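Here is a friendly walk through one protein model, written for someone who likes cut-offs stated plainly. Have a look at the structure first, and then we can go through it together.

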Amino acid sequence: MKKYYRILATMIIACIGIISLICLKKINEPLVVRETEETILLNGQTKTLSENFTCTGLTWDTKEKVFWVADYGATSNDKKKNPRLVKMDRNLNIIGYISLFDVLKSDDNLQGISYDISNDSIWIATGDSCKNVSKLGAVIKEFSSDEIMKYKSNGICVDGDSVWVLCYSNYLLKYSKNGELLEKVSFDYKDQDMITLYGNQLLITVGADYNGDNNFILSYDLKTKETSVKFKVLGSYSVEGLTILDEKLYIANDGFFHDAKNKSSYIVRYNID
């Protein structure tokens, strides 16, 4: 009888172990975003840019009244990169750029950007670090951390005296501009990408449905710490950076690089008022 109980106990422990592994795997998988009854469907106006480049981050410069778009610097992963910040007027016409060729290392990955009015500069997320660069293309300051090195900085957003950083997976992080970690939020949605500040919310692009409409904007409420699926963005097949100006949501799309349904670099404008 004792032998029977020992065998039974061993079987129970083994079953518990298997169940634990299954549950752990599910917990560690990124969450898949799906629309809810509260999700608003947005259909916008597409502006194809005058040249195809790998557009990633997007931000609005409140001093010059211009848009800045990050250009990864290559139209495929096997080509040499020439990263830059492309300057556009309010009508999304290209009017200049800042070269980052001498600023970024070959393994840097130019993604999110955010304008900083405090010193008329731009913050950029480059994978292993976050950098604050001047409009002359010089690094003012930079920082990294264990979390950034492991999970890679992708989205970035200035919030007063601090900077929010969205990693490719696992975390949404808040830093001082000197790199001190102020807040660490567990945040892991499949294909999470860029962020922008909108009132008391962080809006986040999520999705990689390059030929369909399952691309979304999440809202992370900075007061309640709750996340919701705010918008489903029709016509944005390769969502990247985003910004808001005059109650209009602008989303950069990198359809040229990703060979998406719309195979060009373009920005879609949505009315959200």
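The protein has a mean pLDDT of 90, and 90% of its residues reach 70 or more; pLDDT is the predictor's confidence in each residue, from 0 to 100. Residues 1-27 are another matter: their pLDDT is below 50, and beyond near neighbours in sequence this stretch has zero contacts in the model, a contact being heavy atoms within 4.5 Å. Where pLDDT is low, the predicted coordinates should not be read in detail.

A word on conventions. This is a predicted model, so local features need pLDDT of at least 70 and side-chain atom pairs count only at pLDDT 80 or more, while totals for chains, interfaces and linings use all residues. Residues are numbered from 1 along each chain as its sequence is written, and side-chain values use heavy atoms, with hydrogens and water left out.

Helices (H or I, at least four residues) and strands (E, at least two) are DSSP runs, numbered from the N terminus. Two strands pair if DSSP finds at least two bridges between them. An open sheet is built from four strands in the order 7-8-9-10, with antiparallel pairing. Strand 7 (113-116) and strand 10 (139-143) each have a single partner strand, so one side of each is left without a neighbour in the sheet.

Inside this sheet, strand 8 (residues 121-125) and strand 9 (residues 130-133) run antiparallel and are joined by four bridges. Ile 122 has Val 133 in strand 9 as its bridge partner.

Asn 132 also lies in strand 9. Is Asn 132 buried or exposed? Its relative accessibility is 2%, so Asn 132 counts as buried; buried means under 20% relative accessible area, exposed over 50%, and partly exposed in between (1.4 Å probe, protein chains only).

**Aromatic pairs**

The structure holds eight aromatic pairs. Rings of Phe, Tyr and Trp (its six-membered ring) pair if their centres lie within 6.5 Å; planes under 30 degrees apart count as stacked, over 60 as edge-to-face and the rest as tilted. The ring centres of Trp 123 and Phe 143 are 5.9 Å apart with planes at 50 degrees, so this pair is tilted. It links strand 8 to strand 10 across 20 residues. Trp 123 is buried at 0% relative accessibility, and Phe 143 is buried at 6%. Elsewhere, ring pairs link Trp 60, Phe 67 and Tyr 250 into a cluster.

Six of the six residues of strand 4 (residues 66-71) are buried. Val 66, Trp 68 and Ala 70 lie on one side, with Phe 67, Val 69 and Asp 71 on the other. In a regular strand the side chains alternate between the two faces of the sheet.

| Partner of strand 4 | Bridges | Opposite residues |
|---|---|---|
| Strand 3 (residues 55-61) | five bridges | Thr 59 and Trp 68 |
| Strand 5 (residues 84-88) | five bridges | Val 86 and Val 69 |

Strands 3 and 4 form a hairpin with four residues between them, and Lys 65 in the turn has a positive phi of about 60 degrees.
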